[in-house]
Structures are given as C-alpha cells and as structure tokens.
Amino acid sequence: MDENNKILLKLENISKSFAKVENDEVTHALDCIDLEMRSGEFISLVGPSGCGKSTILRTLGGFLDIDKGDILIDGESVKDLPPEKRPTAMVFQSYNLWPHMTVYENLAFGLEIKKVPKNVIRSEIERGLKLVNMSGYEKKYPGQLSGGQQQRIAIARALLLKPSVLLLDEPFSALDAKIRAQMREELKRIQEELNITVVFVTHDQEEAMALSHRIVVMNKSFIEQ
C-alpha cells in the first residue's frame, strides 16, 4: 500500500465535556467527533472561538483526557498515554521556550529526556536549525530573538522529537502580517520536505487555504464539513 494513502490518524467518536463547578453546568466541547487523516496530509481546523478546535488538538497531544471514543495513531490506541509517550509534538501559540536556557539547551531538552547520545543530539540540533533557517543561533537566549525566530525554534524543537503527527495551535497569531506570511511559507516547505502529517488550528481561513490539503470546519463542538 502506498505510504501516503495509509490512514495514520483516526479519531473515533470522541467526546469531551467540561463541568462548571459554580453552577453545575456541563459544556460539551467535543461531540462524537470522527476524523481520519492520511500519512503526509496537512489538515486545518477552522471555526469560531470556543468551537472545539484547540480541544481536539489537546486531546490528540494527551494534554486533555477524552470522555469517550478512541484516538488511533498508526493503528494503535494512544488515548491512555501521557503526552511524552505519544508519537505527537505540539507547538503552542506562546512558543513555550525556557527563558533561562539557550536555543541549544531548549532544543536538547526533549532529546536528553529520551536519553539520546550527546553526539547525536548535536547533529540533530544542527539539522533542526538548518531546517528552520536558524543556524548559528545556538548560544542565543529566547529573550534575544524576535517572535518569528522564537516560533521557528519552537517548531524545530517539536520536529526534533520526530513525531508522527505535528500539532500546531494558532502558532502564528502573535506575529505581524509580514512575518506570518513568511512563516506560512516556511511551514509549507518543511511539511513537504519531511512529508510530515500536520493538524493545524487557525481562525484565519486564508491561512488555512494557503497551507492545507483539507480544511475541517467546526462549529459548537461538531464538525460541520
């Protein structure tokens, strides 16, 4: 079977609710969501605020438990695995880089946890920085970088974990229009170069059109189309 036709990620009937303590109200964040993604596919989730886009991403990454249903990656259920044990990596809107660590230390952190040998870490970081056009920035601290540069480092850090699925939660929304357009181009290039599967959350339809193979439109916890 052609690798690119393989179903890599499957959401089977997943639901998630949040209870409000003060008035016992229950909010349905996700309601019976079914979705299949092929290997190497770039899918964007779009829709108004509060429709469940980021909730899907967080359940995929293991940052939120689901109430029912299943999440399969490469045919294996991951719904009971913690984030670090899943074949996913997430890039947040706020970069989430450690301010007291250099770029090199930020990138090495996840690999050190996985007990990757030091010489391999070094060559992987060189490769990762080259991929996001940030070679030579190893000794800089996040505070010395622009927003766009910090987001490149955050993307490189996620890619170094060699995830099966890359999860991006509105990663460019804090950047100005010119840098956003640049970062979109970069992301598209990286995605095609690595043939990686991407789930991208955005409220910007133009951004979704520019990047995606398919767009999933969400509204009030459902997939509309």
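This is a predicted model: local features need pLDDT of at least 70, side-chain atom pairs count only at pLDDT 80 or more; totals for chains, interfaces and linings use all residues.

Q: How many bridges join β1 to β4, then?
A: Five bridges join them. Strand β1 covers residues 7-20 and β4 covers residues 68-73, and the two run antiparallel.

Q: And what is the strand order in that sheet?
A: The order is β2-β1-β4-β5, with antiparallel pairing in an open sheet of four strands. Strands β2 (25-38) and β5 (76-77) are at the edges; each has a single partner strand, so one side of each lacks a neighbour in the sheet.

Q: Which strands does helix α1 lie across?
A: Helix α1, residues 53-61, lies across β1, β2 and β4. Its direction makes an angle of about 115° with β1.

Q: Changing topic: which residues touch the most other members in the largest nonpolar core?
A: They are Leu-107, Ile-125, Ile-153, Leu-166 and Phe-200, in a core of 35 residues.

Q: Which elements supply at least two residues of this core?
A: The helices are α2 (103-113), α3 (118-131), α4 (147-160) and α5 (177-194). The strands are β6 (88-91), β7 (165-169) and β8 (197-201).

Q: Which of them gives the most?
A: Helix α4 does, with seven residues.

Q: What does Ile-153 touch, leaving aside residues up to four places away in sequence?
A: Ile-153 contacts Leu-97, Val-103, Leu-107, Leu-129, Met-134 and Leu-145.

Q: What about the second core: how many residues does it have?
A: That separate core has 26 residues, including Leu-35, Met-37, Ile-43 and Val-165.

Q: Stepping back, how many helices and strands does the protein chain have?
A: The secondary structure comes to six helices and 10 strands. The radius of gyration is 18 Å, close to the 17 Å that the globule rule gives for 225 residues, so the chain is as compact as a globular protein of that length.

Q: What box do the C-alpha atoms fill?
A: Along the principal axes, the box is roughly 50 × 40 × 40 Å.

Q: What share of the residues counts as buried?
A: Of the 225 residues, 48% are buried. The chain exposes about 11600 Å², and carbon and sulfur atoms supply 50% of that area.

Q: Finally, among contacts between residues at least 6 apart in sequence, what share joins residues at least 24 apart?
A: The share is 71% for the protein chain.

Technical notes:
Residues are numbered from 1 along each chain as its sequence is written. Side-chain values use heavy atoms; hydrogens and water are left out. Two strands pair if DSSP finds at least two bridges between them. Contact means heavy atoms within 4.5 Å. Axes are lines fitted to C-alpha atoms, for helices over the stretch in contact, and angles run from 0 to 180 degrees between N-to-C directions. A nonpolar core is a set of buried Ala, Val, Leu, Ile, Met, Phe, Trp, Tyr and Cys residues joined through side-chain atoms within 4.5 Å. Buried means under 20% relative accessible area, exposed over 50%, partly exposed in between (1.4 Å probe, protein chains only). The radius of gyration is taken over C-alpha atoms; the globule rule is 2.2 Å times the number of residues to the power 0.38. Accessible areas come from the Shrake-Rupley method with a 1.4 Å probe; for residues, only the protein chains shown count as cover.
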